Amino acid sequence: MKDIAQRFAENPLLAPTDLSPSREGLSITCLLNPGVFTFEQKTWLIIRVAERPIQREGFISFPILKDSKKSNLDKIASGGIEIMELNLNDPELEAGDPRVITYKGADFLTTLSHLRLVCSDDGINFYEPEGYPLLHGEGMLESFGIEDCRVVFLDGRYLLSFTSVSDNGVGVGLRTTKNWKTFETHGMIIPPHNKDCAIFDEKINGQFYALHRPSSVDIGGNYIWLAQSPDGIHWGKHQCILKTRKNFWDSIRIGAGGSPVKTDKGWLEIYHGANENNQYCLGAFLMDIDNPAKVIARTTDPIMVPTEKYEVSGFFGNVVFTNGHLVNGDRLTIYYGASDEFVCGAEFSIKEIISALNFDHHI
């Protein structure tokens with residue numbers, strides 16, 4: 001496997017201890033998978049911040065939005081959330097995955113995620129600006145939080161596509177803003193089970209385009225699809241354009257990163273892939289400039305592999321995962337989540353990524 005990423009020497013750029021919890025009684029467990037954009041001549045990240053209560057030995061406790069789920073479990077009201085606590089020895093509890101537990105046949109996330117803005121003058125040192133809100137889940141379709149936001153600026157506004165999580169399933173939510181202080185909520189634009197929605201940063205033949213990732217348990221798989229929309233809210237004409245590859249680094253699941261990058265060769269997309277060992281790497285594929293449903297090339301090997309300590313060890317290790325980037329000529333600056341715990345940065349040459357594409361390999 002060849003890794004062509006030039007990681008920032010300052011990595012990790014942000015760790016959970018660098019930010020304050022959103023409310024008393026919670027601690028930040030993970031910083032994950034930031035969306036990236038520029039605003040007022042600064043570099044901005046919209047980070048997924050995952051929180052949970054301080055854990056008590058012998059028990060597992062986790063938050064959900066208040067009144068979002070009725071249960072006979074012990075609940076402690078805490079400023080808009082409820083804390084559920086379970087004995088780890090309970091025979092009806094399955095708690096082998098640090099991210100998800102199952103109790104009495106129902107699934108719960110071990111953390112509650114919200115989205116938080118940070119900005120930087122140099123793209124390396126980030127801080128929380130004053131006067132900008134935290135974005136929390138709203139309503140029954142976001143009762144387990146909102147995650148992994150991707151940002152695109154189109155038609156004079158920023159479009160925020162993110163993962164909405166609840167006991168009803170995992171789907172794609174959308175909010176829009178012009179000033180990052182007030183937001184319009186558009187609800188769930190793609191229903192469960194779906195995530196990894198990356199909207200193109202320009203229209204093609206008057207239409208919005210987006211990559212997304214429905215999931216199938218029985219028939220099909222975790223593949224990348226393409227959709228069209230007249231307004232960025234109502235999506236249709238769905239097509240499956242990229243699949244997992246058996247015995248490759250992306251054998252189990254794949255999903256889009258940030259918005260595709262327009263090049264003279266076509267639309268270049270950085271995507272993540274995971275194998276049977278839950279190792280997440282980054283690769284790339286190229287779509288036709290006029291018809292992005294046509295994939296014309298794909299990297300055989302990943303372009304980034306978790307190798308650094310902060311990528312290999314963490315809340316969920318062996319993970320590099322990106323939702324966003326900035327383009328400056330040939331330079332592609334990717335901000336990424338490492339081991340589901342840290343926010344990091346890396347640079348790539350777009351030409352080098354394109355040279356790594358295999359135009360002959362069977363897609």
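## Model and confidence

Because the model is predicted, local features need pLDDT of at least 70 and side-chain atom pairs count only at pLDDT 80 or more, while totals for chains, interfaces and linings use all residues. Residues are numbered from 1 along each chain as its sequence is written, and side-chain values use heavy atoms, with hydrogens and water left out.

The protein chain has a mean pLDDT (the predictor's confidence in each residue, from 0 to 100) of 93. Of its residues, 95% reach 70 or more. Over residues 68-79, pLDDT stays under 50. The model has 25 contacts (heavy atoms within 4.5 Å) for residues 68-79 beyond four places in sequence. Where pLDDT is low, the predicted coordinates should not be read in detail.

## Pockets

Rolling a probe the size of a water molecule over the atoms shows where empty space is left. On a 1 Å grid over the protein atoms alone, a cavity is a set of points where a 1.4 Å probe fits but cannot get out, and a pocket is an open set with protein on both sides within 12 Å along at least five of seven lines; lining residues have an atom within 4 Å of a point. Grid points are joined across faces, edges and corners, and a volume is the space filled by probe spheres set on the points.

The largest pocket has a volume of about 980 Å³. It is lined by 39 residues, of which Arg-99, Val-100, Leu-109, Glu-147 and Lys-195 are the closest to its centre. Strand 9 (106-109) gives the most to this lining, with four residues. Strands are DSSP runs (E, at least two residues), numbered from the N terminus. By class, the lining of the largest pocket has 15 nonpolar, 11 polar and 13 charged residues. Here Ala, Val, Leu, Ile, Met, Phe, Trp, Tyr, Cys and Pro count as nonpolar, Asp, Glu, Lys and Arg as charged, and the others, Gly among them, as polar.

The second largest pocket holds about 350 Å³ of space. Among its 18 lining residues, Val-36, Val-151, Asp-201, Ser-259 and His-325 are the closest to the centre. Strand 24 (320-328) supplies the largest share of the lining, five residues. The lining of the second largest pocket divides into 10 nonpolar, six polar and two charged residues.

## Cavities

The whole structure has two cavities of 30 Å³ or more. The largest cavity has a volume of about 50 Å³, and its lining includes Ser-22, Arg-23, His-114 and His-136. Strand 10 (residues 112-120) gives the most to this lining, with three residues. The lining of the largest cavity has three nonpolar, six polar and two charged residues.

About 40 Å³ of space lies in the second largest cavity. Among the residues that line the second largest cavity are Arg-150, Val-151, Val-152 and Ser-259. The largest share of this lining, three residues, comes from strand 11. By class, the lining has five nonpolar, three polar and one charged.

## Phe-62

Phe-62 is in strand 4 (residues 59-65). With a relative accessible area of 0%, Phe-62 is buried (under 20% relative accessible area, with a 1.4 Å probe and protein chains only). Not counting residues up to four places away in sequence, Phe-62 touches residues including Pro-53, Ile-83, Met-84 and Phe-108. Thr-29 is 33 residues from Phe-62 along the chain, and their C-alpha atoms are separated by 11 Å.

Terms used. Buried < 20%, exposed > 50% of the residue type's maximum accessible area, 1.4 Å probe, protein only.
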